[in-house]
Amino acid sequence: MRIAINCVEAAEKTLERWKKKKSDGWITDKTLLLIENRRRIRPLRNQSNEMKEEYRMLKKDVKHEVRKDRERWLEDQCQEVEAMNRKGNLSGVYRKIRDLTSDRRVQQGCMRDSDGTILPEKDKIIERVKRYTEELYARPANEEPVERIRVEGEVMVPDILIDEVRWAMSLLKRGK
């Protein structure tokens with residue numbers, strides 16, 4: 001256990017820590033200081049009951065302060081929306097509400113290969129998509145193309161062009 005503490009102390013002396021940014025500016029400096037203290041005490045919590053109790057109290061305080069900061073921030077945002085509404089700025093009201101309530105999901109950037117392994121690199125993903133589409137549209141050499149049977153009264157529709165697909169995609173909402 002002493003070796004781990006010495007390694008951590010040596011790393012703290014020689015390496016720089018990244019300064020974490022506040023999350024959208026709603027976490028106060030007091031809360032960030034509590035978070036830093038909790039992070040500093042975390043590796044030491046198993047040394048004694050006092051350290052364990054101190055870590056538990058800091059953890060509780062951090063949760064409480066983060067909730068308070070978030071509540072204060074949301075209250076400020078609501079007041080901004082109400083002020084815009086009183087001024088008649090409806091586009092600002094809707095934009096602010098959309099920003100507050102939008103579901104921001106991060107898309108995963110990995111895909112599975114045909115054998116089930118995960119491909120996290122972009123160039124391997126592109127190669128996999130290329131192979132998949134080739135397999136999808138590959139037709140055996142001996143297979144004849146499917147002929148369209150003309151039914152009486154049927155109108156022959158020309159094939160869909162790439163430009164038509166791009167145009168249709170541009171009409172979709174963002175993120176679809």
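**Salt bridges, burial and a core**

Modeller: The side chains of Glu 36 and Arg 39 form a salt bridge, at 2.2 Å from N to O. Keep in mind that this is a predicted model.

Colleague: Why is the contact between Glu 36 and Arg 39 called a salt bridge?

Modeller: Set the value against the cut-off. A side-chain nitrogen of Arg must be within 4 Å of a carboxyl oxygen of Glu. Here the N to O distance is 2.2 Å. So the pair of Glu 36 and Arg 39 counts as a salt bridge.

Colleague: How do you know that Glu 36 and Arg 39 are about one helical turn apart?

Modeller: Both sit in helix H2, three residues apart, so about one helical turn separates them.

Colleague: Is Glu 36 buried, partly exposed or exposed, and how do you know?

Modeller: Its relative accessible area is 32%. Buried means under 20%, and exposed means over 50%. The value lies in between, so Glu 36 is partly exposed. Arg 39 also has 32%, so Arg 39 counts as partly exposed.

Colleague: What about Lys 68 and Glu 65: what makes them a salt bridge?

Modeller: Their side chains meet at 3.5 Å, N to O. The limit is 4 Å, so the pair of Lys 68 and Glu 65 qualifies. Both residues lie in helix H3, three residues apart, about one turn of the helix.

Colleague: Which residues are linked with Glu 65 in a network of salt bridges?

Modeller: Lys 30 and Lys 68 are linked with Glu 65 in that network. A search of the whole structure finds nine salt bridges.

Colleague: How do you know that Arg 131 and Asp 113 form a salt bridge?

Modeller: The N to O distance is 3.4 Å. It is within 4 Å, so the pair of Arg 131 and Asp 113 counts. This pair links distant parts of the chain, 18 residues apart. Arg 131 is in helix H5 (residues 122-137). Asp 113 is in the loop between strand E1 (111-112) and strand E2 (118-119).

Colleague: Why is Gln 77 called buried?

Modeller: Gln 77 is at 9% relative accessibility, under 20%, so Gln 77 counts as buried. Gln 77 is found in helix H3. Leaving out residues up to four places away in sequence, Gln 77 touches Lys 96 and Leu 100.

Colleague: Which residues form the largest nonpolar core?

Modeller: There are six: Leu 34, Ile 41, Met 51, Tyr 55, Leu 58 and Val 62. Helix H2 (29-41) and helix H3 (49-87) each give two or more residues to this core. The largest share, four residues, comes from H3.

Colleague: Which residues does Leu 58 touch?

Modeller: Leu 58 touches Leu 34, Asn 37, Arg 38 and Ile 41, not counting residues up to four places away in sequence.

Colleague: What makes you say that the charged end of Arg 45 sits over the ring of Tyr 55?

Modeller: The charged end of Arg 45 is 5.2 Å from the ring centre. The distance limit is 6 Å, with an angle limit of 35 degrees from the ring normal.

How values were computed
Residues numbered from 1 in each chain as written. Predicted model: local features only at pLDDT ≥ 70, side-chain atom pairs only at ≥ 80, totals over all residues. Heavy atoms only, no water. Core = buried A, V, L, I, M, F, W, Y, C linked by side-chain atoms within 4.5 Å. Buried < 20%, exposed > 50% of the residue type's maximum accessible area, 1.4 Å probe, protein only. Contact = heavy atoms within 4.5 Å.
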